[in-house]
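Dear colleague,

Here is the structure I said I would pass on. My notes on the ligand site follow below it.

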Amino acid sequence: MKEMLPVIARYSIVGDREYQQDLCAYAENGGLLLAVLCDGMGGMEGGEKAAEAGVSTMLGLFQSMPPAGIGEAAAWMRAAFEAADASVASLRGENGSPMNAGSTAIAVMIEEGRMQWGCVGDSRIYLMRGGVLSTVTRMHNYNLRLDEMLREGVISPEEMERESVRGEALISFLGIGGLPLADTGTEPLPLYPEDVIILCSDGLYKSMDDQQIQAVIEESGGNVELMVRRLADHALRLATGKQDNTTVMAVRILSGSR
Amino acid sequence: MKKCMGCMNDYEETRGICPTCGYSDAAAEEQMRKAPDLIAPETILAGRFIVGRALSLSGFSAVYLAWDALLLRRVVIRELFPYELCRREPDGLRLTPEPGAPKGLMTECVMKFEREVSLLSGSQDIPMVLNYYRSFKENGTIYAVTEYLEGSTLEDLYGGDRKAPASLCKKILSTVGAALDQLHARGIIHANLSPSSIYMCSNGELALIDFGMTKRWLSSRMRKDPGILDLRYSAPEILMRKVDPTVDMYSAGAVCWHLLTGKNPPDRLKKRIHIRDEGMGRLIDELTAAKPEDRPESFHAAGVYT
Ligand SMILES: Nc1ncnc2c1ncn2[C@@H]1O[C@H](COP(=O)(O)OP(=O)(O)OP(=O)(O)O)[C@@H](O)[C@H]1O
């Protein structure tokens, strides 16, 4: 029987930051593969703890209460994001006061040549297929809101410009307490051999444009270990200012046979 | 600002000469006068790579320093350019088959080169193997884009009669040897290892910069030695087209022999090689045994690394 085998690799760099607030992990359970990436924020260790809570909540649920199949993955992800949101919001510091930390979360679930995805915040999922790189997710930041308001005529272009200095502020993230936005795909996406799925924190796409990311993916010759390492290294090299934490996960679909 | 085609740093155009490396437009013109067959500096390939100064032109390929305008880095571009098979068109770019050359041989050569770079691409997880980026076919030939390394080949460093310390030979055998063992395990035989395929980076690390298969194939296809294969380091049976992994043991041994003695390795069939006293001498002796079956099975078996 022909089957599609996902191969996966991950890589993180601290960049020019003091703390590593990115965290990613993946796990398998009954023919399903789940990959999760969280980019935490919040002073001191807050971000790190938030990312950790996000990843462990999602993976924990995946082990204890996985979706029945990929068809259920979207609903499962929304529930898992909500649980992760609650667990990040409940984080307490040493003195017992709320940590006020947060984290983005992106997730990809794969089952036999089909994929579902989910996103909260501004980490990003790309799909590279047949030489075309496309962005799967949208960024949940103030710019998104401003765009909407501009389109609806609520604000003028001048107001938009004035406001966009705060454009990168997140409007949805784990820990906000009741997620205003949590995106998932609708129907599972069919996958094809040689598809590459990239999950990354903003450290990657803030230093590299899509064309550069695509070139590095192509030049890794399908070797996912090489791909994630080279992507993070290029991000660090191409950064114009200080490089943020950067985490990259790559899943490549191989055609194999059982 | 002007990008220097000699080193790819930017400098103030009014200076006329690069303050980093001393390269200038005059140097570029000089290169084109001396070697008009080369692609002129500042030519753009694949809509992305700016060709810089030539690093070498041999009977088989031309190697250029280049600037990757997409990923903003120095790269090396190797252009397949077998002298006897093709010539440069007056546009300074296109290669067309030599009228006298066997029909279809250039096309076949391009295919072999493509195969070689795909092996290089598939071997990127092996330490020591040069970072390979991509290849593209253009202008009637094929180009391979790889990492640019600061440093020199062992040929450039020790080519004449300069001797290298035994410690370098040990390092070559252990690192290049380990890489060759891994290549062999995947069915890849280099068969053309020489001091010009081993690169010494400025940080002291070694790298294997080519696989040399296309070159070997071409030299056997031309039925006469077109002088592109370095026989000094080739196992005797290679001329009989017998190639197994031990030809790489032989070559590595011959390379070390050259580096240690500062002399060309002698023809193994005519003369025994002896470097007295050291264990290195005995090891080289074993590696360069005239008969393949007398050579160690692998570098690991020879005990050069653990
Ligand atoms: N990756 C690299 N980075 C920096 N310099 C390089 C690289 N590859 C090759 N060079 C330089 O280019 C020159 C030529 O390379 P090489 O020795 O592989 O080719 P060659 O011997 O001229 O030709 P051929 O293999 O075509 O017969 C070398 O002197 C080396 O310094």
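The shell around the ligand is made up of 9 nonpolar, 5 polar and 4 charged residues. This is a predicted model, and the values here are computed from it. Of the 18 residues around the ligand, the nearest are Ser56(B), Ser58(B), Ser61(B), Arg78(B) and Asp156(B).

- The side chain of Ser58(B) places an N or O atom 2.6 Å from an oxygen atom of the ligand.
- Leu149(B) uses its backbone: an N or O atom there is 2.9 Å from a nitrogen atom of the ligand.
- For Tyr199(B), an N or O atom of the side chain lies 3.2 Å from a nitrogen atom of the ligand.

On its own the ligand has 610 Å² of accessible area, and the protein covers 87% of that. The ligand sits in the largest pocket. In chain B, strand 4 (49-57), strand 5 (61-68) and strand 6 (73-80) are the elements that each give two or more residues to the shell.

As for the domains, the ligand lies between domain 1 (6-147) and domain 2 (151-294) of chain B, because both give residues to the shell around it.

Regards

Conventions
Residues are numbered from 1 along each chain as its sequence is written. Chains are lettered from A and ligands numbered from 1 in the order in which they are written. This is a predicted model: local features need pLDDT of at least 70, side-chain atom pairs count only at pLDDT 80 or more; totals for chains, interfaces and linings use all residues. Side-chain values use heavy atoms; hydrogens and water are left out. A residue is near a molecule or strand if one of its heavy atoms lies within 4 Å of it. A polar contact is a pair of N or O atoms within 3.5 Å; within protein, one must be able to donate a hydrogen and the other to accept it, and residues adjacent in sequence count only if both atoms are side-chain atoms. Accessible areas come from the Shrake-Rupley method with a 1.4 Å probe; for residues, only the protein chains shown count as cover. On a 1 Å grid over the protein atoms alone, a cavity is a set of points where a 1.4 Å probe fits but cannot get out, and a pocket is an open set with protein on both sides within 12 Å along at least five of seven lines; lining residues have an atom within 4 Å of a point. A molecule sits in a cavity or pocket if more than half of its atoms lie within 2 Å of its grid points. Helices (H or I, at least four residues) and strands (E, at least two) are DSSP runs, numbered from the N terminus. Ala, Val, Leu, Ile, Met, Phe, Trp, Tyr, Cys and Pro count as nonpolar, Asp, Glu, Lys and Arg as charged, and the others, Gly among them, as polar. Domain bounds come from an automatic or database domain assignment.
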